[in-house]
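This briefing is meant to be read alongside the sequence and the coordinates.

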Amino acid sequence: MRGVNSNVRSPTPAPGRPRRESAWSFYYITPTMSATLRSAWVWAAVAVLILAWLPLLAMLRLFDADPALYRTGRWFRRLGVAMTRVNPSWRLHRDGERIADPRRPYVVVSNHQSLADIPIISHLPWEMKWIAKVELFQVPAVGWMMRLAGDIPVDRADRRSGARMLLAAHRVLALRCSVMFFPEGTRSADGRVGPFNPGAFHLAIKAGVPVLPVAVEGTRDCLPKKSWKFGPPTDIRLRVLPPVETAPFAQAGAEELTREVRRMIIAQIASWRGVEPSAVDAEISPPAAVS
């Protein structure tokens, strides 16, 4: 799988001229620009993209005869790719397992560091319906597009909503389309990986489809929680880990499958950071001290 950005460095700039911090030179903004101005520029560009994408997606939905709305969903994910491209501070490195058949369904699970995870994971070259909290579906334009694309809402305050969500996800898998979960349920507060809810793993075993783990690193600082400002230029890593077949876990149960997949994601993040896995595991290590 090719990365979005290579590791080749740009030539050293002439004295007094800033180094380009992004491969997307058309959207280049100097790294000396203030975070406020740079963030305002990016959000304005994102708003324009959203307004342009909404009628396009509505038109695609009208002519999408696939019960899984596969084409409509793929075009919605391309919005996430476009959002990444207009942000000169994000340098994405993508690699890992290649998926030969995009219509082979998986239960895809990833760690969750920030809202930036959504456009980053949208670079993966296959469609999957996202499981998202119901509040996101109420956001004008974005929420409308999520419904057009066939994404699946869940109300975390309503246990029956969780059951309905799993039934809807099972139907999507039967239509040969993957589904995407953040099993932590919320963004990490400190970059460590929190406990995983076993719902996605119960679904995978019941549907008889593999779990596809995805590890993301570097998004927490590029869009901090409870802030509208983007962080400094950031290298973001996205890796697709080997699929985990669920048949061997039919007897052991979803809890064992949950532990195995979570272990894989933690090990990858720890390898990137050059630390022991225990330092990444929120169930083992204490939170980092705040200076």
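Predicted model: local features only at pLDDT ≥ 70, side-chain atom pairs only at ≥ 80, totals over all residues.

**Helix α8**

- Helix α8 runs over residues 254-273, and its 20 residues reach 29 Å from the first C-alpha to the last, which is close to the 28 Å expected at 1.5 Å a residue.
- The buried residues of α8 are A254, L257, T258, V261, R262, M264, I265, I266, Q268, I269, A270 and W272.
- An α-helix has 3.6 residues a turn, so residues three or four places apart point the same way.
- R262, which is listed among the buried residues of α8, lies over the face of F196, at 5.9 Å from the ring centre.
- After α8 comes G274, whose phi is positive, near 70°.

**Strand β1**

- Strand β1 (residues 90-96) is mostly covered, since five of its seven residues are buried.
- β1 pairs with β7 in the parallel sense over seven bridges, and L92 stands opposite I236 in β7.

**Aromatic pairs**

- A search of the whole structure finds four aromatic pairs, one of which is formed by W90 and F230 in an edge-to-face arrangement, at 5.7 Å centre to centre and with 70° between the planes.
- This pair links distant parts of the chain, with W90 in strand β1 and F230 in the loop between α7 (219-222) and β7, 140 residues apart.
- W90 and F230 are both buried, and ring pairs link W43, W90 and F230 into a cluster.
- Another edge-to-face pair is that of W130 and F182, with 5.9 Å centre to centre and 65° between the planes.
- Here too distant parts of the chain are linked, because W130 belongs to strand β3 (residues 128-133) whereas F182 lies in the loop between β5 (178-181) and α6, 52 residues apart.
- W130 is buried, with a relative accessible area of 6%, and F182 counts as buried because its relative accessibility is 15%, while the cut-off for buried is under 20%.

**A further charge over a ring**

- The charged end of R78 sits over the ring of W75, at 4.6 Å from the centre of that ring.

Notes
Residues numbered from 1 in each chain as written. Heavy atoms only, no water. Helix = DSSP H or I, 4+ residues; strand = E, 2+ residues; numbered from the N terminus. Expected span 1.5 Å × (residues − 1). Buried < 20%, exposed > 50% of the residue type's maximum accessible area, 1.4 Å probe, protein only. Pairing = 2+ DSSP bridges. Phe/Tyr/Trp six-rings, centres within 6.5 Å; stacked < 30°, edge-to-face > 60°. Lys NZ or Arg CZ within 6 Å of the ring centre and 35° of its normal.
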